[in-house]
Amino acid sequence: MKPKRLFLAGFPCNCFRRYSDRVFKSQPCLGRTLKYKQYGESMNYPDKHGHFGQFGGRYVSETLMPALLELEQAYKRFKNDKEFKAEFDYYLRQYVGRPNPLYYAEKLTKKLGGAKIYLKREDLNHTGAHKVNNTIGQGLLAKRMGKGRVIAETGAGQHGVATATIAALMGMECEVFMGAEDIQRQSLNVFRMKLLGATVTSVTSGTATLKDAMNEAMRNWVTNIRDTFYVIGTVAGPHPYPAMVRDFQAIIGREARRQHLAAEGRLPDVLVAAVGGGSNALGLFYPFLKDTSVRMVGVEASGYGIPSGKHAAPLCAGSVGVLHGNKTYLLQDADGQIAHAHSISAGLDYPGVGPEHAWLKDTGRAEYVSITDDEALEGFKALTREEGIIPALESSHAIAHVLKLAPTLPKEQSIVVCLSGRGDKDMHTVAQAMGVSL
Amino acid sequence: MSRIGKTFAQLKKARRKALVTFITAGDPDLALTERLIPEMAAAGADIIELGMPFSDPMADGPTIQLSSERALAGGTTLAAILAMVKRVRRGCDVPILLMGYYNPVFIYGPERFCRDAAAAGVDGVLLVDLPPEEAGEFSRLSDASGIDLISLLTPTSDGSRIDKVKRVGRGFIYYVSVAGVTGARSSVAEDIGTMVERIRARASLPVAVGFGISTPEQAATVAAVADGVVVGSALVKLFEQGGGDELVSRVRAAVAGLKAGVESAS
């Protein structure tokens, strides 16, 4: 085995050093012997069993295995099917409103006095976030597989809304599972889902948040396996979901790459995106994996701060484990029980992360930092006041990191940040945090 | 041959069927679990299945979810479960099978788990979310430790799944009679006999059927077509009314009733 390659020069959060020993000692990790250049040369991940190095896989009950194999076959067949691709493109253009702009945030750039800041405007998509790119793809796949019913889990409600939306569009029955706690803090999105014709089922088990909603969606899927398609909203879950969701979201990075080349005549220097499960980040990163000059920074939510233990940053402060069908970094205790995540942003409030991010972290191709609730609110305010764009609290984490990063980079460089969603849904949370009653 | 294998072989010779009873280890505490294992064996359980509680029991219905929460609230850990089994083994020979999810075992360390479980006297392990595709390394370790890795088959399993599962499966095949989560149901699925026959035609292991079986009558129906009957949620439900001596007698009576059901079909 080759000596451990250290790629930590200037690694922004100290998390890697602290946790790497524990992880690497206990796990034989294929990833660590692979240099990121090798990753760049081959984008053929995952392998045929859905593994990204030691991560990913298909850790599910036997009842689900035939359904996952069926889904994998269908996805393999349709992802290169001309008609499927044409239909997907049609809806992205005519229904979602793509391509959305890569907007040069000139005022914010000047204020920070460093690298140019470009915003990839996923907030301008129909339904207000990047989630719809994926639900259109999975909805079209469900239809081709003859499934008349879709189910989904949701945290902030954005993926639930995006799923309810395509169910209305495509004439499918829809049930969305949502933690009781999230239903309270995202009542607007709950109402939207109901208006769209979906049944919203409150989940009270466990911690009553996103992870429990996912458990309940899996239970419902296993019970209705023959006629139901489970629309997972992020790049996690059992194979083929992490790869499939990534492929549907990769439109973000493909457009951004083309748009940046057109605007600047060169590739960007840094990509920044928030990471909960990690779908908007991977959507942006994936088409740049081969471009090894491009730095990729994923921003996790550190809630009240990592030392407080109340956060949602498994890549920065978690350890390797198995949950929801895949092996990845998780928040868990010494007995392997899953810990309660915390973030001001319901969409990042998840104790796991997509397996490909775990792999990008261990190979060093991407770096992961974290932003606290308070810092995210500063990011939220800065973008709102400087550019007149109200970002979602999830995206505010990415903005908050850019506030730190941009001033440290020369003016000739540029940063592309994924503005994954708009902030309308978060008005109540932000008002509460600012001590304002609406 | 393992204790589980021997149990099925002896029952088969006597033309009888196995009763497998499930309770969650540590619900409400491990002292009671320790007391219940010999009690259930004395009341007629042929194999004892102990749930290893997990914070996110994705394949379980509400009854076992709540039971897992009670066990975790009481501070139950994998190490403590193994220590408890070791104590039970001093005076009790009933086959013991641990059932649960992979993450706690993965964090404990698969190799250490197999070694410690074998030393404690555990006979088998069933990991719900470790299908044969992911079980390669674990099955080598469990085989080496002499622990049976019990595998699941379901109504969605076709011939190729049966072939895949039987390669890693040891002890017996656990046939999940309904596509769904654990929990009592008003009637048992009708096609159980057909599926059990299909599995037997391809795999040489005994087949025990579980999920949704709660009454002696249902146990009798299933015992007529399978090698064993697994009852879980119906027993776990009894724990909702509190612990102590009364719980022990309730569980004993329920196991005796189920045993009578199984025997009536033998």
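## Helix 7 of chain A

The 13 residues of helix 7 of chain A (residues 158–170) should span 18 Å at 1.5 Å a residue, and the end C-alpha atoms are 18 Å apart, so the two values agree. The expected span is 1.5 Å times one less than the number of residues. Helices (H or I, at least four residues) and strands (E, at least two) are DSSP runs, numbered from the N terminus.

This is a predicted model, in which local features need pLDDT of at least 70 and side-chain atom pairs count only at pLDDT 80 or more, while totals for chains, interfaces and linings use all residues. Residues are numbered from 1 along each chain as its sequence is written, chains are lettered from A and ligands numbered from 1 in the order in which they are written, and side-chain values use heavy atoms, leaving out hydrogens and water.

## Surroundings of the helix

Of the 13 residues in helix 7 of chain A, 11 are buried. Buried means under 20% relative accessible area, exposed over 50%, and partly exposed in between (1.4 Å probe, protein chains only). Among the buried ones are His159(A), Val161(A) and Met170(A). The buried residues pack against elements of chain A including helix 4 (82–96) and strand 5 (149–154), where contact means heavy atoms within 4.5 Å. After the helix comes Gly171(A), with a positive phi near 70°.

## Salt bridges within chain A

A salt bridge is a side-chain nitrogen of Lys or Arg within 4 Å of a carboxyl oxygen of Asp or Glu. Glu72(A) and Arg58(A) form one, with their closest N and O atoms 3.0 Å apart. Glu72(A) is in helix 3 (residues 65–79) and Arg58(A) in strand 2 (residues 55–59) of chain A, 14 residues apart. Glu72(A) counts as buried because its relative accessibility is 9%, and Arg58(A) counts as buried at 3%.

In another pair, the closest N and O atoms of Lys116(A) and Glu264(A) are 2.7 Å apart. Lys116(A) lies in strand 4 and Glu264(A) in helix 12 of chain A, so the pair ties together parts 148 residues apart in sequence. Lys116(A) is partly exposed at 25% relative accessibility, as is Glu264(A) at 22%.

## Where chains A and B meet

The contact takes 34 residues from chain B and 38 residues from chain A. Across this interface there are two salt bridges. One of them joins Arg161(B) to Glu62(A), with the closest N and O atoms 2.8 Å apart.
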